[in-house]
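Please read it alongside the sequence and the coordinates.

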Amino acid sequence: MRRGVTRVTQALALLLLAGAGTARAQGGLLRVEILPPVNRVVEGDSGTIPVTVTFYLSSPNPTGPTSVNWSTTAGSALATADFVPAGDTVTFPQFNNSFQTRTIFVQNDTVNEWSSTLQQDEYFYVDLSAPVGAAGIENGRATVTIVDNDANQPGVQYLSVVTDSTGTNATDGRNRLQWRVPAAPTGPTQFKVCWKSNPTSCSSPLSDTDTAGGGCSSINGPFTAGGKLLFTHDNTNVIKVNVPAAYCYSVFTVYGGFSPERAEVAVTTFDSTPGPVKWAFTPGHYSTAAAASLVPPTVGLDGIYSVGTDGVVYAMQRGVGATSGLWPPTWNPVALGKPAHNRSPVVTFSAGARLFVGTENGEVHAVDARSGSIVWSRAAGFPVGSQQLMPGSTGTQATPAGVFTSFGGLNDLLLVGTATAVGNTQFFALDPTNGVTRDFYPTGGDTPPGLIDNVFGMAVVDYPGNKVYFGTAGSALTLWGLDMGPSGAPDLKLLTTPSWNPKPLGITGGTTGAPVARNGRLYLGTDNGAASAIHSLHVSDGTLYSYTHGDGQVKGFVWPDRRDDRLYFTTVNKVHGVRDDGAAITALWSPIAVQTPSIPLQKPGTDNLYVGDGTGQLLQINVVSQAITPFPLDTGTVQIGAPSLDNVNNLVLVGSDKGVIYAVRVP
Amino acid sequence: MSKLLLALLLIASVDALADDDPRGQVSCSASVSVVDGNGRLREARRVSASVVPSVVIRGRVSPREEDSPALLFDVYNPHGRRYQVLLATPRVVVSERDGHRVKKTSKTREATLAVAGSSIALTSMFGRWRVEPRLEGESRPCGRAEIFTIRP
């Protein structure tokens with residue numbers, strides 16, 4: 001009886017809810033996920049491996065059933081060869097949102113699909129489509145990453161080390177090595193971490209007996225193939241870590257005998273307790289040289305992201321604490337095959353945080369910022385459906401910019417131009433959730449007709465005006481302004497007002513950087529040898545004037561001081577400060593000589609400008625007094641790349657052409 | 001007698017060298033080019049980072065075998081540090097025959113290195129660059145290094 005009353009009460013409540021909900025969407029939001037959430041499956045040799053796909057509905061639908069179609073979609077993993085294609089319809093009954101599952105299968109094989117050079121796992125997707133009775137799809141794609149197990153005795157993968165210190169004593173140094181356990185037909189039984197040390201320089205051990213000035217530690221199995229391992233070398237070890245000193249590690253993978261793939265990494269220890277450098281992250285490699293990490297790291301909510309010139313995306317935990325610099329717990333390094341050249345934006349959607357990376361082979365990738373899974377790739381080899389290929393496969397790829405509804409935009413769009421050896425490109429607006437082209441410019445009917453020249457820099461978005469601006473280089477350097485179209489129907493069209501559009505800068509040859517919008521003007525640096533300049537274009541009337549500096553390329557973009565009309569930029573060997581009074585650009589100071597400065601960064605609200613140089617230093621330049629405070633990070637001719645700011649933790653993050661990422665505490 | 005001894009010694013040393021090289025007589029090459037505005041390749045000894053989007057590095061492995069390991073190009077910056085490892089892929093040549101487009105895989109393998117707008121330009125990494133061809137899995141080059149210059 002009691003149960004009957006409850007049922008009646010529930011039914012009444014649901015009827016009331018249903019009535020109340022007529023103005024709302026019928027049901028909840030749909031999600032698809034692979035559990036466990038790291039989404040990585042280690043391949044076998046024969047048969048198949050079941051993978052559970054879980055479907056969620058955020059709230060029950062009181063008005064009827066809710067259904068959604070799902071299907072597997074090829075990524076770099078191919079249907080039939082790498083996974084069993086599958087799909088059907090999932091239906092949630094009325095009043096019921098209990099999660100549902102389906103089983104899909106990874107196809108095992110004995111084909112070696114792992115390259116120790118590219119380090120790329122294969123992956124495919126599970127996609128949702130055609131929802132009925134739901135308010136919408138919150139997360140319509142899950143990624144299954146396949147860790148290949150067919151390489152013969154592979155070495156450790158994605159080796160990296162975080163260096164800091166745990167105290168102020170001379171033996172309080174700490175090096176924490178991390179790597180992925182390789183998958184192989186028969187897994188490794190032991191890892192041996194060996195090192196050599198010297199006050200100034202060292203070489204990595206070639207064997208476990210080649211350890212003069214160092215030693216070895218063994219880690220015995222069993223291990224989880226594809227799992228992560230952490231080895232800490234600090235003052236709790238028998239052989240402690242001196243500060244400062246050079247340490248060269250080799251990690252040997254033991255399969256009875258040693259794997260021929262000896263991973264190595266070299267670091268210099270430092271005292272992080274009083275010193276400004278709080279930690280350093282160094283990727284390792286299979287042979288003797290490191291890969292440059294000159295691209296400015298991206299600071300996101302879930303971590304700091306860096307793409308090396310080996311195309312591997314690493315994530316580091318933020319801040320200054322016990323785990324800072326280490327891989328975030330749910331993160332797995334991911335290889336994109338090619339490097340990026342500019343900072344990659346991170347944007348949070350209801351489906352999760354996404355890192356958008358444009359790589360120099362003409363591809364654009366979306367990576368889940370928490371797990372490292374590839375969410376989509378617009379790649380030459382595997383385009384999205386029947387979408388047109390991105391045309392940059394023989395040249396550089398500009399970094400994606402974006403406009404997002406969560407920041408007040410009319411649409412969610414990833415805006416990206418490309419560069420090829422022969423020009424003739426287009427400017428694309430991609431859907432950030434799946435990489436599908438929403439529109440591109442120019443298309444048929446656009447004015448002017450015909451293709452555009454190369455886009456080398458990031459576009460800049462005018463949110464209130466729903467406009468996007470970018471520069472092209474080729475026969476003539478030109479600034480373009482496009483309208484992005486109405487909400488729900490993105491349409492890239494040349495702006496007819498202002499009438500200057502497109503604006504040739506009167507320069508033939510050379511390249512451009514990325515435009516910056518400030519005070520109703522667009523600023524663009526151009527590289528045309530001695531005639532290189534920055535240009536100020538008044539958007540309202542097309543007034544254009546320039547400031548020629550005579551020192552070659554403007555690095556990337558002009559940094560506007562958000563407090564007034566000052567601008568800062570760097571060139572081949574100089575740092576410049578100028579002012580734009582609305583009629584002309586004039587110098588604030590005599591250019592400061594700095595060996596090969598990076599793109600600058602100003603800490604908001606301060607007079608401090610940060611620049612990496614070619615002598616292993618991060619420089620803090622006071623823009624009022626021009627006083628320079630150096631932060632030495634390395635010695636000799638080491639190039640320090642463009643800085644990024646973690647404003648919450650007062651850290652500037654920079655990479656070097658030795659491949660090291662430094663976290664530097666700044667005032 | 002002494003000439004015979006010398007000859008035997010020379011043969012022995014050649015055999016020893018062959019035993020040291022598990023791949024036998026495998027050799028490879030690398031050459032650096034740029035694509036001009038008409039899409040044609042031309043040799044590149046000096047490249048302007050303000051003009052050239054990318055350089056093309058081409059190489060061959062001989063003898064050519066289906067199962068020969070991947071050809072890599074180690075690209076070293078003017079500081080002598082390795083900047084990138086490029087995986088060379090077989091070049092696909094598309095031609096027309098009897099009105100049909102025919103795809104043919106060339107013996108030549110190639111890879112591209114981005115220049116204009118890349119980290120090279122953004123950090124003024126100007127000077128002499130070196131490209132060394134290498135077979136995947138090997139630590140030593142399999143052919144002669146190529147030098148080219150990137151200028152502003």
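Arg563(A) counts as partly exposed because its relative accessibility is 37%. Here buried means under 20% relative accessible area, exposed over 50%, and partly exposed in between, with a 1.4 Å probe and protein chains only. This is a predicted model: local features need pLDDT of at least 70, side-chain atom pairs count only at pLDDT 80 or more, and totals for chains, interfaces and linings use all residues. Residues are numbered from 1 along each chain as its sequence is written, chains are lettered from A and ligands numbered from 1 in the order in which they are written, and side-chain values use heavy atoms, with hydrogens and water left out.

**Salt bridges**

Arg563(A) forms a salt bridge with Asp607(A), with the closest N and O atoms 2.8 Å apart. A salt bridge is a side-chain nitrogen of Lys or Arg within 4 Å of a carboxyl oxygen of Asp or Glu. This pair links distant parts of the chain, 44 residues apart. Arg563(A) is in the loop between β42 (559–560) and β43 of chain A. Asp607(A) is in the loop between β47 (601–602) and β48 (608–612) of chain A. Helices (H or I, at least four residues) and strands (E, at least two) are DSSP runs, numbered from the N terminus. Asp607(A) is partly exposed, because its relative accessible area is 26%.

The whole structure holds 31 salt bridges over all chains. One of them joins the side chains of Asp164(A) and Arg176(A). The two residues are twelve apart: Asp164(A) in strand β11 (residues 157–165) of chain A, Arg176(A) in strand β12 (residues 173–180) of chain A. Asp164(A) and Arg176(A) are both buried.

In chain B, Glu146(B) pairs with Arg144(B) in a salt bridge. Glu146(B) is buried, because its relative accessible area is 8%. Arg144(B), at 63% relative accessibility, counts as exposed. Shared partners also build a network: salt bridges join Asp561(A), Arg563(A), Asp564(A), Arg566(A) and Asp607(A).

| Salt bridge | N to O distance |
|---|---|
| Arg563(A) and Asp607(A) | 2.8 Å |
| Asp657(A) and Arg81(B) | 2.9 Å |
| Asp164(A) and Arg176(A) | 3.2 Å |
| Glu146(B) and Arg144(B) | 3.5 Å |

**The interface of chains A and B**

Contact means heavy atoms within 4.5 Å. By that rule, 35 residues of chain B are in contact with 43 residues of chain A. About 3,000 Å² is buried between the two chains, and carbon and sulfur atoms give 55% of it. Buried area is the accessible area (1.4 Å probe) that two parts lose on being put together, summed over both. Which residues of chain B lose the most area to chain A? They are Arg81(B), Arg82(B) and Leu122(B), together 22% of what that side buries.

The interface has one salt bridge. Its partners are Asp657(A) and Arg81(B).

On the chain B side, β8 (82–87), β10 (100–114) and α2 (119–122) each give two or more residues. β8(B) gives the most, with six residues.

**Chain B**

Chain B has two helices and twelve strands. Of its 152 residues, 43% are buried. Among contacts with a separation of 6 or more, residues 24 or more positions apart account for 59%.

**Two buried loop sites in chain A**

Thr571(A) is in the loop between β43 (566–570) and β44 (574–580) of chain A. Thr571(A) counts as buried, because its relative accessibility is 0%.

Gly325(A) is in the loop between β22 (312–316) and β23 (334–335) of chain A. Gly325(A) is also buried, with a relative accessible area of 0%. Leaving aside neighbours within four places in sequence, Gly325(A) is in contact with Val162(A), Trp279(A), Phe281(A), Met316(A) and Gln317(A).
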